[in-house]
Amino acid sequence: MDSLVVIIYLAAMVGFGIWGRYKAKNQDDFLVAGRRLGGWLYTGTMSAVVLGGASTIGGVGLGYTSGLSGMWLVFSIGLGIILLSLFFAPKIQKLEIYTVSQMLELRYGKGSRLVSGTIMTAYGLMISTTSTVAYATIFHALFDLNKFWSVLIGGGIVILYSMLGGMWSITLTDFVQFFIQTIGIFLIMLPVVLSKSGGIGELFSSLPAEQTSPVGIGWQAILGYILIYTLGLLIGQDIWQRVFTARSPGVARWGGLSAGVYCLLYAVAGALIGMAATKIVPGIEVQDDVFVAVVDAAMSPLLGGFVLAAALAAMMSTASGSLMAAATVCRQDIVEPLLARKDIVPVTKDAAGSTPDRATTAGEASAAAEHGGAKSTLVKSLVRETGDEIRDSRIYLIGLGVVTLILAMIMPSVVEALTVAYNLLVAGLFIPILGGLIFKRGNIVGVMAGMILGSITTIVIMITMGIYSNEAIYLGLIASLLGYVVGSLVSKPTPPEVMAAWKERLNR
């Protein structure tokens with residue numbers, strides 16, 4: 001029965017992917033859902049993309065080993081979404097771009113796109129890998145498949161529905177997945193396991209004080225989570241790409257705030273489930289195995305199947321969103337700039353001698369043609385190009401999807417993979433991106449110095465002191481800040497024309 005429920009869920013995801021294919025008519029549709037999501041869709045898809053394998057499987061596992069304070073990994077993610085939504089999302093939503101690296105180029109001028117794109121692509125691949133590893137454990141438990149086949153089948157389904165309609169397919173599946181994981185985690189799993197463990201009062205009275213304290217893991221560990229995950233959520237391509245889908249700055253602000261609060265509640269729920277699991281399935285050595293073990297021990301096959309589908313929903317939504325992010329950045333910021341290809345066709349000056357505020361994309365030309373616009377040769381060629389753009393995006397998505405599957409087969413831990421991804425992201429890009437929004441004197445020399453020094457420092461520390469060492473993120477951020485500030489102050493400011501174009505874009 002539980003296997004049947006999951007099979008029905010997987011088939012439904014492919015069905016929604018097919019539906020999304022008919023909504024993706026141009027590049028804007030494929031990459032950012034046409035930039036027209038309203039509050040409900042935006043809140044659901046933002047919640048779904050950030051709550052993946054590490055938040056679900058990893059969050060329950062941390063609750064099992066660390067008690068209530070195991071909530072801080074996911075809690076830090078929620079804090080990041082809240083800060084992004086209140087202070088930055090309305091601003092970056094106005095930029096009408098596709099990637100974080102394009103924001104850096106708009107703000108600082110040319111020169112940083114390749115390095116920042118490389119860091120962001122690696123981040124996206126690692127985030128997708130964490131969720132792939134996580135849902136492979138569920139496929140293994142349900143269908144008794146080895147890791148190879150679990151990764152291949154689960155990953156194949158994610159790649160399939162993602163490439164059909166791009167962000168529209170991902171948005172539709174995410175919205176359904178958001179409701180499934182809400183029902184599965186909050187309305188089924190949490191009350192069932194708390195009841196099986198004797199109730200929340202009995203649970204707290206039977207555990208040692210450090211297990212029931214919200215700060216039991218210590219302030220140093222909590223600070224580490226905040227530095228890695230809260231700061232990482234402020235600048236992740238997978239998160240920004242969802243911000244770009246909002247139809248207005250207001251949707252980006254209040255829809256994102258709602259998603260952030262949802263994440264905070266999800267963090268507490270995961271920790272409580274893990275704590276209850278210590279009473280139901282004691283003695284589990286590998287914390288990533290706790291989730292499936294407590295489902296098997298505490299629930300009927302029907303309820304267990306729905307909860308496992310909820311876990312899959314959380315993992316697959318993050319896997320698809322981060323895979324889309326990696327494919328978008330790889331194409332837009334690495335490969336095509338190296339090949340000197342352009343994704344836009346510049347519009348020439350009009351009869352009055354003025355230049356439009358931005359280029360005409362293939363998608364805009366297609367829309368103009370559909371609504372009776374001028375049937376010029378340029379417009380017709382751009383309409384034909386729309387199909388090529390979507391086709392190329394699908395090729396990148398499939399190619400990086402295969403890379404994700406390979407990484408998932410060799411990656412031992414979802415939390416380990418997540419830590420690597422966020423360490424590189426935060427140390428390499430947080431200072432340059434935040435500086436671009438608040439530090440007027442920042443320039444391209446400072447950006448390059450900050451990215452390179454921060455990334456190299458973090459990699460060296462992770463190799464020498466271990467992936468989980470807090471020094472990796474502390475020293476990486478310090479190195480990035482020094483490189484950014486010193487590099488900016490000892491070199492020429494950003495050219496006035498670049499700053500003027502940046503301010504014009506923000507003031508739309």
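Predicted model: local features only at pLDDT ≥ 70, side-chain atom pairs only at ≥ 80, totals over all residues.
Guide: Residues are numbered from 1 along each chain as its sequence is written, and side-chain values use heavy atoms, with hydrogens and water left out.

Visitor: How many helices and strands are there in the protein?
Guide: The protein has 22 helices and zero strands. Helices are DSSP runs of H or I with at least four residues, strands are runs of E with at least two, and both are numbered from the N terminus.

Visitor: Why is cysteine 263 called buried?
Guide: Buried means under 20% relative accessible area, exposed means over 50%, and partly exposed lies in between, with a 1.4 Å probe and protein chains only. Cysteine 263 has 0% relative accessibility, so it counts as buried. Cysteine 330, at 13%, counts as buried too. Of the 508 residues in the protein, buried residues make up 60%.

Visitor: How many disulfides does the structure hold?
Guide: A disulfide is a pair of cysteine sulfur atoms within 2.5 Å, and the structure holds zero of them.

Visitor: What makes H4 and H14 oblique to each other?
Guide: Helix H4 (residues 53–66) and helix H14 (residues 249–280) pack at an angle of about 50°, and their axes are 6 Å apart. Axes are lines fitted to C-alpha atoms, for helices over the stretch in contact, and angles run from 0 to 180 degrees between N-to-C directions. Angles under 35 degrees count as roughly parallel, over 145 as roughly antiparallel, 65 to 115 as roughly perpendicular, and the rest as oblique. H4 and H14 are therefore oblique. On the H4 side the contact (heavy atoms within 4.5 Å) includes Gly59 and Gly63, and on the H14 side Gly270 and Gly274 are among the residues.

Visitor: Which handedness does the crossing of H4 and H14 have?
Guide: A crossing is left-handed if the near helix is turned anticlockwise from the far one by less than a right angle, and right-handed if clockwise. H4 passes H14 in a right-handed crossing.

Visitor: Why is H3 called oblique to H14?
Guide: Helix H3 (residues 39–50) packs against H14 at an angle of about 45°, with the axes 8 Å apart. That angle makes H3 oblique to H14. The crossing of H3 past H14 is right-handed. Among the residues that meet are Tyr42 and Met46 in H3, and Tyr262 and Cys263 in H14.

Visitor: What makes serine 85 buried?
Guide: Serine 85 lies in helix H5 (residues 72–93). Its relative accessibility is 2%, so serine 85 counts as buried. Leaving out residues up to four places away in sequence, serine 85 touches Pro90, Ala252, Arg253, Gly256 and Leu257.
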